[in-house]
Amino acid sequence: MSIMENLNKIKSAVFGKDVRQAIYDAIKEAYDDASSNGNANMEVSIARGTEPNLNSRLDKIQEVGEKNTTELAEKLTKGEVSVLDIDKNKGKLDQTYMSEEFLQQMAGNTPINAIPAEYSLTTKQLAFIPVLGEIGKNLFNKDTVEKDKFVAWHNGVVGSPLDGSTDYNASDWIRVQPNTTYTLKSIHQTAFYDADKVYISGIDTISTSPHTFTTPANCYYMRTTVKDAYLNTQQLELGSVSTSYESYQLTLKENSVKGTHIKEGEISKSKLNFDPFEPAKKSVNLFNKIAITQDRYVAWQSGALATNTSYVASDYIAVEPSTDYSFSNRFQMAWYDVNKVYISGNLFATMGEGPGSVNSPSGAYFLRTSVLKTDLDVFQVEKGSILSEYEPFGVDFISESQLESKVKIKLNQAITNNFTDKTANFIGDSITFGYESGTGSRVAKPYPTIVKELLGLSSINNYGINGSTIAGDTATSKGYEPIVERYIDMSDNADFVIVAAGTNDFGSDRRVPLGTITDTVNTTFYGALNNLCEGLVNKYLNSTIFFTTPLKRTTMTNAEGLNLEQFANAIKEVCAKYSIPVLDLYNVSGFHVNVTSFKDLYAPDGLHGTQAWYEIQGRKVAHFIKAV
């Protein structure tokens with residue numbers, strides 16, 4: 001019973017006994033509440049808390065105090081912390097915790113910042129005097145692009161095209177200045193970045209025309225997308241004007257190299273302790289026969305490539321606007337602007353219109369031209385209105401005069417001179433003889449002589465006779481000076497045997513029947529070819545034999561209704577039977593006798609050539625000999 005209950009009992013008791021008992025119970029209850037054992041007052045009771053007695057409570061307090069004292073002894077006192085007390089795995093210190101004096105001391109060979117931030121060094125921080133360079137006007141370097149990648153304008157990320165295209169290129173990081181105007185010659189997706197190469201913004205414009213823009217306020221880098229078609233002409237330059245293309249290049253700043261400058265030509269050979277090579281000579285020929293597209297020609301009306309197995313298409317040839325260019329033979333060609341976009345073209349005769357010059361259109365910076373496969377080794381394009389002697393594309397690195405006579409190499413000739421110990425027999429008609437068109441006399445250099453000079457042959461024999469036929473029988477006056485009979489009298493010592501005839505079998509007053517492939521008589525063209533090929537193979541077992549088909553002429557059909565092409569085809573058909581190579585001058589010689597301007601210059605009588613033509617024919621035959 002609680003104290004309050006006992007007090008109420010004392011107040012309500014009636015009898016003295018009951019009152020005394022109520023007073024006793026109340027006092028005892030108060031005592032029991034104050035102490036569970038022995039005498040104690042209320043304060044002592046409160047002090048012992050939840051412990052059974054005050055002594056137990058004091059022991060517990062002492063135990064806690066000793067524990068706290070031990071833990072405090074292990075703690076660090078302010079101002080007494082050492083580096084040994086720092087656990088580096090709990091965090092990292094950076095340069096903001098270092099004193100200025102300490103950072104200055106670290107400016108020497110310490111490893112911190114061993115790799116300086118980009119563009120953070122100046123010439124004052126270098127221990128040497130640098131040679132200063134600068135980038136040319138074109139800030140775009142095509143050699144450092146990422147192939148098959150593009151730059152996303154909306155986030156600056158470089159990735160592969162989603163459609164799988166392989167004609168994109170992502171530029172490297174290009175250093176630019178904030179709030180500065182630049183111009184791209186053509187533009188695709190482009191992005192801008194801050195000094196830490198973090199994306200800022202981008203341009204989603206796509207255009208093949210020049211595009212001018214201003215970089216953002218905090219922009220220090222940009223990247224741009226370039227398609228393959230514009231990779232070789234792309235240009236990023238300072239300013240708002242797109243100027244002529246210049247490749248990316250690093251140059252020395254003016255006056256960055258101090259000292260005495262040596263002027264051009266100031267050092268003579270006598271001052272050198274070695275024998276130098278003479279400077280390289282660049283070829284005048286702009287046509288590179290290696291950089292071609294096979295079985296294609298350039299369509300003059302569109303600049304596109306079309307299929308024709310007799311031709312090759314040149315690569316893009318760099319030219320200048322409104323300038324004369326000379327061609328060794330002129331076929332369909334096209335002109336393009338600085339972005340290789342078609343401007344216009346020139347159409348000439350199907351098989352070419354011979355040598356001549358063409359003036360490039362205004363705004364033309366590239367040319368592509370068609371080339372007959374048979375002209376590949378002698379074709380030349382050069383700047384100017386006068387065509388010089390053929391030179392191969394490229395550079396002569398060593399002049400002929402510097403090489404010993406026994407190892408001289410004519411680097412400026414189309415054919416390597418490795419025939420100096422070879423001989424050749426040429427047998428044919430008036431073309432082989434060298435009959436000059438329009439005069440009836442013999443030219444100074446028939447085409448076999450041209451071949452000898454080009455190849456450097458030790459000797460040749462010219463068995464050409466005016467009016468000679470391949471077929472015939474002298475005894476019955478069939479044909480005229482038939483080669484099928486005359487070849488027996490040729491020299492046995494020949495490394496090459498060249499047969500060039502057939503036009504008189506077709507069109508002279510001694511013409512012979514065409515016959516069939518199975519003929520074996522000398523009085524038909526087929527029969528004589530069969531016998532001639534077999535006889536030549538037996539006579540010249542260790543020699544190279546080849547035929548040429550006859551050149552076209554103004555009269556292409558004879559009195560029997562046969563055409564010259566049938567005789568040319570017969571030569572190719574029979575020679576194929578005996579595996580004898582044929583130079584098809586009928587189809588691919590460029591002898592355009594039915595074109596008036598060509599005829600007047602190269603074949604006035606419509607059949608024979610002039611000296612100028614025989615030189616062209618000689619080059620073609622020389623290259624064919626070299627090839628076989």
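Predicted model: local features only at pLDDT ≥ 70, side-chain atom pairs only at ≥ 80, totals over all residues.
**The chain as a whole**

The protein chain has 14 helices and 29 strands. Of its 628 residues, 36% are buried. If you take the contacts with a separation of 6 or more, 67% of them join residues 24 or more positions apart.

Strands of a sheet pair through backbone hydrogen bonds, and they can do so in a parallel or an antiparallel way. Here are two sheets to look at in turn.

To find your way in, look for Leu184, whose bridge partner in β12 is Leu236.

The other open sheet also has three strands, this time in the order β21-β18-β23, and the pairing is antiparallel. Why is one side of β21 and of β23 left without a neighbour in the sheet? Both β21 (356–359) and β23 (381–383) stand at the edges with a single partner strand each, so one side of each has no neighbour there. The twist in this sheet averages 30° from one strand to the next. A handy landmark is Ser326, which stands opposite Glu382 in β23.

| Strand | Partner | Sense | Bridges |
|---|---|---|---|
| β7 (residues 181–184) | β12 | antiparallel | three bridges |
| β18 (residues 324–327) | β23 | antiparallel | three bridges |

**Helices α10 and α11**

Two packed helices are described by the angle between their axes and the distance between the axes. For helix α10 (residues 525–539) and helix α11 (residues 564–577), the axes come within 10 Å and cross at roughly 35°. The crossing of α10 past α11 is right-handed.

Which residues of α10 meet α11? On the α10 side they are Phe525, Tyr526, Leu529, Asn530 and Cys533. Facing them from α11 are Phe567, Ala570, Ile571, Glu573, Val574, Cys575 and Lys577. Sorted by type, the residues of this contact come out as nine nonpolar, one polar and two charged.

**The cysteines in that contact**

How far is the sulfur of Cys533 from the closest cysteine sulfur? The closest one is in Cys575 at 4.2 Å, which is too far for a bond, because a disulfide needs the sulfur atoms within 2.5 Å. Looking from the other end, the closest cysteine sulfur to that of Cys575 is in Cys533. A search of the whole structure finds zero disulfides.

Are these cysteines buried or exposed? Cys533 counts as buried, at 0% relative accessibility. Cys575 is buried too, with a relative accessible area of 0%.

Finally, have a look at Ser597, which lies in helix α13 (residues 596–602). Its relative accessible area is 46%, so Ser597 is partly exposed. Along the chain, Ser597 and Gly354 are 243 residues apart, yet their C-alpha atoms are separated by 9.4 Å.

Methods
Residues numbered from 1 in each chain as written. Heavy atoms only, no water. Pairing = 2+ DSSP bridges. Helix = DSSP H or I, 4+ residues; strand = E, 2+ residues; numbered from the N terminus. Axes fitted to C-alpha atoms, helices over the stretch in contact; angles between N-to-C directions. Left-handed = near helix turned anticlockwise from the far one by under 90°. Contact = heavy atoms within 4.5 Å. Nonpolar A, V, L, I, M, F, W, Y, C, P; charged D, E, K, R; others polar. Buried < 20%, exposed > 50% of the residue type's maximum accessible area, 1.4 Å probe, protein only.
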